[in-house]
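Please consult the sequence and the model shown here while reading.

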Amino acid sequence: MVLAPASTATLTAARLTASVGGAIHVHSARYGLLVKFPSFSPKRVSPAAVSLRSRRHLLTCTALYKTNFSVKEEGTPETLDYRAFFIDSAGKKVSPWHDIPLHLGDGVFNFVVEIPKDSSAKMEVATDEPFTPIKQDTKKGKLRYYPYNIKWNYGLLPQTWEDPSYANPEVEGALGDNDPVDVVEIGDARAKIGDVVRVKPVAALAMIDEGELDWKIVAISLNDPRASLVNDMNDVEIYFPGTLTAIRDWFRDYKIPDGKPANQFGLGNKPANKDYALKVITETNESWAKLIKRSVPAGELSLV
């Protein structure tokens, strides 16, 4: 086992969301949360009353807390055995999909990096394994690679899920792909596998991959020098000219070298704006909350 100190991160969140039928249940790893209940004055929740797992069940909670975690690598990169696990400050494994909060407040979200820019190994969260570590995808027992390097940091929005039973009427009735929502982060810096990056969404692309809806949320890291200038897709064209078209074309064509047809895109083959991206995030966060509550079948997905 190799501990990757470079992947250690600190998260500070201001807002968490999920849903539990109207009641607010407030829990966290070990920090007191300041919670405003609908019919009560704000009260301090003691650390003894909180747990990381139950933090998933928040409806709306305004909270300030810190979570320290590290990424522990098991196995050798680019082998079938490689896994990158997320470890909390108590030394316990946590899920980057379920346990890292989505919302940070003020339109800012956490983004978990699976594939750093300028790399080709197809890394992904193992949604069917306990604690959903990051691994390299496989096909017929062989490791998968893109035919060329991806040009942006790529990963997922935690606490989101594209429901495979939901036919989206706005995107040709396509069903969700049963995965967390993907993020394409366009900033200049190259991230690392397992980094958790604060981003703001600026656009959305409705990719249809073999009939399944596979949203691509285009976002920018708050640490990017141009982040304050880029607030919607029109700003992307000004400060990152041609990037939205390049993202669409890259994801449209990357399977062609393997003899597969090009992917398609809904919404008129064009990117949607920030407001639409936020709508997608809200809807898929609600779908994830239903999944965690077991209101919908989980199938082979891991909920721990």
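## Histidine 103

Histidine 103 is found in strand β7, residues 103-105; helices (H or I, at least four residues) and strands (E, at least two) are DSSP runs, numbered from the N terminus. With a relative accessible area of 14%, histidine 103 is buried, where buried means under 20% relative accessible area, exposed over 50% and partly exposed in between (1.4 Å probe, protein chains only). The C-alpha atom of histidine 103 is separated by 9.6 Å from that of arginine 198, which is 95 residues away along the chain.

## Basis of the model

This is a predicted model, in which local features need pLDDT of at least 70 and side-chain atom pairs count only at pLDDT 80 or more, whereas totals for chains, interfaces and linings use all residues. Residues are numbered from 1 along each chain as its sequence is written, and side-chain values use heavy atoms, with hydrogens and water left out.

## Overall composition

The secondary structure of the protein comprises 3 helices and 21 strands. Of its 304 residues, 52% count as buried. Among contacts (heavy atoms within 4.5 Å) between residues at least 6 apart in sequence, 70% join residues at least 24 apart.

## The largest pocket

The largest pocket holds about 840 Å³ of space. A pocket is defined on a 1 Å grid over the protein atoms alone, as an open set of points where a 1.4 Å probe fits, with protein on both sides within 12 Å along at least five of seven lines; lining residues have an atom within 4 Å of a point. Grid points are joined across faces, edges and corners, and the volume is the space filled by probe spheres set on the points.

The lining consists of 33 residues, of which Lys122, Glu124, Asp137, Asp177 and Asp179 lie nearest the pocket centre. By class, the lining has 19 charged, 12 nonpolar and 2 polar residues; Ala, Val, Leu, Ile, Met, Phe, Trp, Tyr, Cys and Pro count as nonpolar, Asp, Glu, Lys and Arg as charged, and the others, Gly among them, as polar. Strands β8 (108-115), β10 (123-125), β15 (153-156), β19 (196-209) and β20 (212-221) each supply at least two lining residues.

## Threonine 127

Threonine 127 lies in the loop between β10 and β11 (134-136). Its relative accessibility is 12%, so threonine 127 counts as buried. Apart from residues up to four places away in sequence, threonine 127 touches Trp97, Thr132, Asp179, Pro180, Glu300, Leu301 and Ser302.

Beyond its neighbours within four places in sequence, isoleucine 247 is in contact with Trp152, Val184, Ile186, Leu205 and Val218. In helix α2 (residues 243-253), Thr243, Leu244, Ile247, Arg248, Trp250 and Phe251 are buried. Seen down the axis of α2, these buried residues fall within an arc of 165°, so they line one face of the helix; the arc is that of the directions from the helix axis to the C-beta atoms.

## Positive phi angles

Glutamate 172, in the loop between β16 (167-168) and β17 (174-176), has a positive phi near 60° although it is not a glycine. At 67% relative accessibility, glutamate 172 is exposed.

Arginine 294, in the segment after α3 (274-292), is likewise not a glycine and has a positive phi of about 65°. Arginine 294 counts as exposed, at 60% relative accessibility.
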